[in-house]
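Morning, everyone. I have one structure to walk through today. Let me put it on the screen.

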Amino acid sequence: FPTSYLWLVTSEDGTDWSAPRILNAQVKNSSETFYGVGPGRGLVTSSGRIIFPCYRHSGSFIPQERTSFIYSDDHGQTWRRTEDLSQTSSETAVTEADGRLYAFTRTGSSALSDRSALTYYTSSDNGTSWSGRMDASIDTWTACQMSAITYTEKIDGRTAIILSAPSGSKRTNGRIY
């Protein structure tokens, strides 16, 4: 039965790395043929929680992709998994701003014509649960992973999340929003 593996390696100094540990038993459901990170990066929240967006394929004839998050509150020793987000989603970028987490998800299929308003989810409880899908009012090509970071400076007195995503089809004409 095809499957995927989530491996964790750690480093205290960025030079020497631990032996890999498989996290599947803690976070992956046995019915999932694929459960993988990102791509992209995880986040250490202001409270110290380590959180990574992950997504799964159901393994059915028509794959159903859904995003969930794995997190650790003990410096990566043990991991838990959240419920899936409410809508079809896959690759996800997560960032923190003003005490909330924001998740920007890939929502399109691999069709080259997928364009729609960019959507996102928020969490007010450090990523344990997530809101329903919200519209960011940015028209972009949704069949591609985007990247999001929280800007270190205020813009017009407000916290800013900087998003990069393709604005054209076929992953072209990238823009910063």
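Ala 165 has Arg 175 in strand 14 as its bridge partner. This is a predicted model, where local features need pLDDT of at least 70, side-chain atom pairs count only at pLDDT 80 or more, and totals for chains, interfaces and linings use all residues. Residues are numbered from 1 along each chain as its sequence is written, and side-chain values use heavy atoms, with hydrogens and water left out.

Back to those strands. Strand 13, residues 158-166, and strand 14 run antiparallel, joined by three bridges. Strands here are DSSP E runs of at least two residues, numbered from the N terminus. Two strands pair if DSSP finds at least two bridges between them.

The sheet around them is open, has three strands in the order 12-13-14, and pairs antiparallel. Which strands stand at the edges? Strand 12 (147-155) and strand 14 (174-176) do; each has a single partner strand, so one side of each lacks a neighbour in the sheet. On average, neighbouring strands of this sheet are turned by 20° against each other, direction ignored. The axes behind that angle are lines fitted to C-alpha atoms, and angles run from 0 to 180 degrees between N-to-C directions.

Next, Ser 72. This residue is in strand 6. Is Ser 72 buried or exposed? Ser 72 is buried, because its relative accessible area is 1%. The cut-offs: buried is under 20% relative accessible area, exposed is over 50%, partly exposed lies in between, with a 1.4 Å probe and protein chains only.

The side chain of Ser 72 reaches two backbone atoms. A polar atom of that side chain lies 2.8 Å from the backbone nitrogen of Gly 76. The backbone oxygen of Thr 78 is reached at 2.9 Å. A polar contact means a pair of N or O atoms within 3.5 Å; within protein, one must be able to donate a hydrogen and the other to accept it, and residues adjacent in sequence count only if both atoms are side-chain atoms. Leaving out residues up to four places away in sequence, Ser 72 touches Gly 48, Arg 49, Ile 50, Gln 77, Thr 78 and Trp 79. Contact there is heavy atoms within 4.5 Å.

Ser 47 is in the loop between strand 4 (43-44) and strand 5 (50-57). Ser 47 counts as exposed because its relative accessibility is 53%. Its side chain makes a polar contact of 3.0 Å with the side chain of Thr 45. Another, at 2.6 Å, goes to the side chain of Asn 126.

On to backbone angles. His 75 has a positive phi, near 60°, and is not a glycine. His 75 sits in the loop between strand 6 (66-72) and strand 7 (80-81). Asp 98 also has a positive phi, near 50°. Its loop runs between strand 8 (92-97) and strand 9.

Last, the rings. How many aromatic pairs does the structure hold? Five. Rings of Phe, Tyr and Trp (its six-membered ring) pair if their centres lie within 6.5 Å; planes under 30 degrees apart are stacked, over 60 edge-to-face, the rest tilted. Phe 104 and Tyr 120 form a tilted pair, 5.7 Å centre to centre with 35° between the planes. Phe 104 is in strand 9 (residues 100-105) and Tyr 120 in strand 10 (residues 115-123), 16 residues apart. Both are buried. Ring pairs link Tyr 102, Phe 104 and Tyr 120 into a cluster.

Methods. Helix = DSSP H or I, 4+ residues; strand = E, 2+ residues; numbered from the N terminus.
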